[in-house]
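Subject: Structure handover, pockets

Hello,

Here is the structure for your files.

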Amino acid sequence: MYRTLNRLDLQKIIAHCKGDYHIELLEETDSTNRRLRKVAERGAPEGSVLFALHQTAGKGRMGRSFFSPAGSGLYFSILLRPQAMADGMKITAAAGVAVAEAVQEVLGIDLSIKWVNDLYWGNKKVCGILAESAMDGKGGFDYCILGIGLNVFEPQHWEDALDQIAGALLPETRENVMEPLAAAILDRFFGWYPKLSDPQLMDAYRSRSFLQGKRVTAVRGESRTVGVVQGISDEGELLLQTDDGELLAICSGEVRLEDYR
Ligand code: BTN
């Protein structure tokens, strides 16, 4: 099952990486998050990375799926063993910033980050991030699987009506894009990872905020709160001025804008 692929060449990714990571590449899997979780449970070290050319059941947040057609995107997961619970939200922030920085570096495209973990180019979502954690029974993390799905090339067909809300970075397949992009994301992420408490991380995140000043609906379970986004706190909470005049700091859930997911 493990082999080097034409469309995403493992050796080229490794050659582009400045850091030394344990990277594996699958032609196809159900979900790199699901697969890497099994590897984590067998004790694999932090820094293990699993790419797949194609996911048959890519996972999104809130029980959604993530469309992962072969050759169109980067679909990969990183195994982390974070020290502190407080690192949870910051890991997602670091991943968002890392993807935005890497896309800027390799393709010169500026992405925005829609709290908490979607990346947008214009009004289309081009990247989703899913962090899934397991606890160690002592109040800390056993591991965190950080999954990143970036739509690099426009697929031949989008499933369902996904093209209304999702987009890709480039209109057609091109050589020498996937590997440098993958390597730049890993290097940027592992550059931020030891600095999760550094105020520069949240500054970098805020500077790309897609929601600043926008009117949104915050969805948490069954509850819906409408308000205007005032900013993002140093802890990564979304600051929402509600129609009742209250300032809420929202730490989980998601927000919806009309016409966006
Ligand atoms: C979202 O947009 O809701 C998050 C999408 C996360 C998708 C990535 S693709 C690689 C990794 N494996 C998965 O099954 N999901 C994540």
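This is a predicted model: local features need pLDDT of at least 70, side-chain atom pairs count only at pLDDT 80 or more; totals for chains, interfaces and linings use all residues.

Residues are numbered from 1 along each chain as its sequence is written, and side-chain values use heavy atoms, without hydrogens and water.

A pocket here is an open set of points on a 1 Å grid over the protein atoms alone, where a 1.4 Å probe fits, with protein on both sides within 12 Å along at least five of seven lines; lining residues have an atom within 4 Å of a point. Volume is the space filled by probe spheres set on the points, which are joined across faces, edges and corners.

The largest pocket holds about 470 Å³. Its lining has 35 residues, with Gly-60, Ser-65, Phe-66, Phe-67 and Lys-125 closest to the centre. Helix H2 (32–41) and strands S3 (73–80), S6 (124–135) and S7 (141–151) each give at least two lining residues (DSSP runs numbered from the N terminus: helices H or I, at least four residues; strands E, at least two). S6 has the largest share, 6 residues. By class, the lining has 13 nonpolar, 13 polar and 9 charged residues (Gly counts as polar).

The second largest pocket holds about 330 Å³. Arg-61, Gly-88, Met-89, Thr-92 and Ala-131 are the closest to its centre among 16 lining residues. Helix H3 (87–107), S6 and S7 each supply at least two of the lining residues, and S6 again has the largest share, 4 residues. This lining splits into 9 nonpolar, 6 polar and 1 charged.

Regards
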